[in-house]
Each structure stands twice: as structure tokens, then as C-alpha cells.
Amino acid sequence: MRLDKQRIVVTGAFGTLGAAVVRAALDAGAAVAAIDRAPVPADLGAAHGFGGVDMADTVAAKHAIDAAAGTLGGLDALVNIAGTFRWETLADGDPDTWDLLYRINLRTAVAASKAALAHLSDGHGRIVNIGAASALKAGAGVGAYTASKAGVLRLTESLAEELKPRGITVNALLPSIIDTPPNRADMPDADFSRWVKPEQLAGVIVFLLSDAASAITGALIPVTGRV
């Protein structure tokens, strides 16, 4: 799949999945602006880096998206990857965790998407969100996480309907456990070969950003490896 001449913003771009998406988009021919709360790393390749941005803050998000669109000369697609995870039961956990995960997993996608609406190209604009397979059926200890990710799914469906008149598609991926260094450290006895690879998720995202996916919107797509 080629993304030649597409101008793409990726949030949460300096983490494992975000970096994989930035590389895949660049390899496919896109111009990429990479936004993250962390400082800009040295190995962004040809991407334009914007660090130290709290994407849950609507003012900061708008400033960053406006700046990215200005740098790229416009905006064709937004990939919302900013997010985090916590495991804790309700009995032993802190209710503030629910607010934290709402802010990082859902509000960032809301603020970034809202900021991008003025820039996205009618007729072929794209938004791709990262949900979670567990948002469809939560297990013990992941109530706060899956509640925030369920919000991402409903945002995806609602915004897809809202933007149909503009010809802008909105879709979400629902990964299971992603094969990242932190997940390997947390679950050292797991069979890592069964987990979905960041590069595999990035490949699906590139497809959704491409012309071949122009008829797909409002989709919640499981990408779960063999978990």
C-alpha cells in the first residue's frame, strides 16, 4: 500500500506502536508529523517531531495539530495512538485511575480529532483510533482501562457517522496484547509469538489510510494475533 503525498499526524508517536506506525507511513511515502508528551527522540527519520505535548489538553492539542498541519502543508490523516494501561481491581485500586485512563486513552483522541477537523481533507480524510479487544468483554482488573477504550469505540462509531457527509472515514483497531518491551517485562513467562506485533498493527493502519480502504468507515477491527 502506498501513501504517496499523504500528510499524516500520529499522536503517541514516540512509543513502541507509535514509532512503528511512523516508520510504516514514511516507508509508504507519506509525510509525517509525530506528536507525543515525551521529548522528541533522535531517531525519527524524516518525520517532523513535536514533543512535550499533553494531547488531553484541548488548547495544547489544537496548537500541536495546527502546527503539524502548517509544517506538512495540510492534513490528510490522523492516527490516535496516545494511551496507557493500568491493571488494578476495584477493591484494591484507586478511583482516580478511572479519571487518568479516561484522560489519556479517550480524551486525547477526542481533543486531537476535534483539532484535526478543520484541516482534514474532504473526500479522502482519514482518522484511525486504537481501541482494545478487551473493550468488548472486560476481565478482572481492567475495568478502568476497558471503560476508557470502550469510549474510544463509541467515539469511532459516532464520529464516522458525523463525518460521512464530508467523505472522511473513521475506524478503530482492537488489538489484544501487543508485543512490546514493557509487556514482555510484565509477563515474562508468556508465549510472545502469539502476541500481535507493532509492525502488524502498523500495516493494518497503513491500509486504512490508503485509497483501498475508502469504503470502510465506522469499523472496529480486531487485530489480535493468536491470543
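Helices (H or I, at least four residues) and strands (E, at least two) are DSSP runs, numbered from the N terminus. The model is predicted: local features need pLDDT of at least 70, side-chain atom pairs count only at pLDDT 80 or more, and totals for chains, interfaces and linings use all residues. Residues are numbered from 1 along each chain as its sequence is written, and side-chain values use heavy atoms, with hydrogens and water left out.

**Exercise 1. The chain as a whole**

Task: State how many helices and strands the protein chain has, and give their order.

Solution. Start with the count: 6 helices and 7 strands. Then read along the sequence: the pattern is β-α-β-β-α-β-α-β-α-β-α-α-β. Next, take the box. Along the principal axes, the C-alpha atoms fill roughly 50 × 35 × 30 Å. Now check the radius of gyration, which is taken over C-alpha atoms; the globule rule is 2.2 Å times the number of residues to the power 0.38. For 227 residues, a compact globule would come near 17 Å, and the protein chain agrees, with 17 Å. Last, look at burial. Buried means under 20% relative accessible area, exposed over 50%, and partly exposed in between (1.4 Å probe, protein chains only). By this rule, 47% of the 227 residues are buried.

**Exercise 2. Strand 2 and its partners**

Task: Find which strands pair with strand 2 and how they run.

Solution. Two strands pair if DSSP finds at least two bridges between them. Strand 1 (residues 7–11) runs parallel to strand 2, with 5 bridges. Finally, strand 2 (residues 31–35) is mostly covered, with 4 of its 5 residues buried.

**Exercise 3. Aromatic pairs**

Task: Classify the 2 aromatic pairs of the structure.

Solution. Rings of Phe, Tyr and Trp (its six-membered ring) pair if their centres lie within 6.5 Å; planes under 30 degrees apart count as stacked, over 60 as edge-to-face and the rest as tilted. Take Phe85 and Tyr145: the centres are 4.8 Å apart and the planes 75 degrees, so the pair is edge-to-face. It links distant parts of the chain: Phe85 sits in the loop between strand 4 (77–80) and helix 3 (96–116), and Tyr145 in helix 4 (residues 143–163), 60 residues apart. Phe85 is partly exposed at 41% relative accessibility, whereas Tyr145 is buried at 13%. Now take Phe192 and Trp195: with centres 5.1 Å apart and planes at 55 degrees, this pair is tilted. Phe192 is buried at 19%, and Trp195 is buried at 5%.

**Exercise 4. A residue in helix 4**

Task: Decide whether Thr156 is buried or exposed, and list its contacts.

Solution. Locate Thr156 in helix 4. Its relative accessibility is 0%, so Thr156 counts as buried. Contact means heavy atoms within 4.5 Å. Leaving aside neighbours within four places in sequence, Thr156 is in contact with Asn129, Val170, Asn171, Ala172, Ala219 and Leu220.
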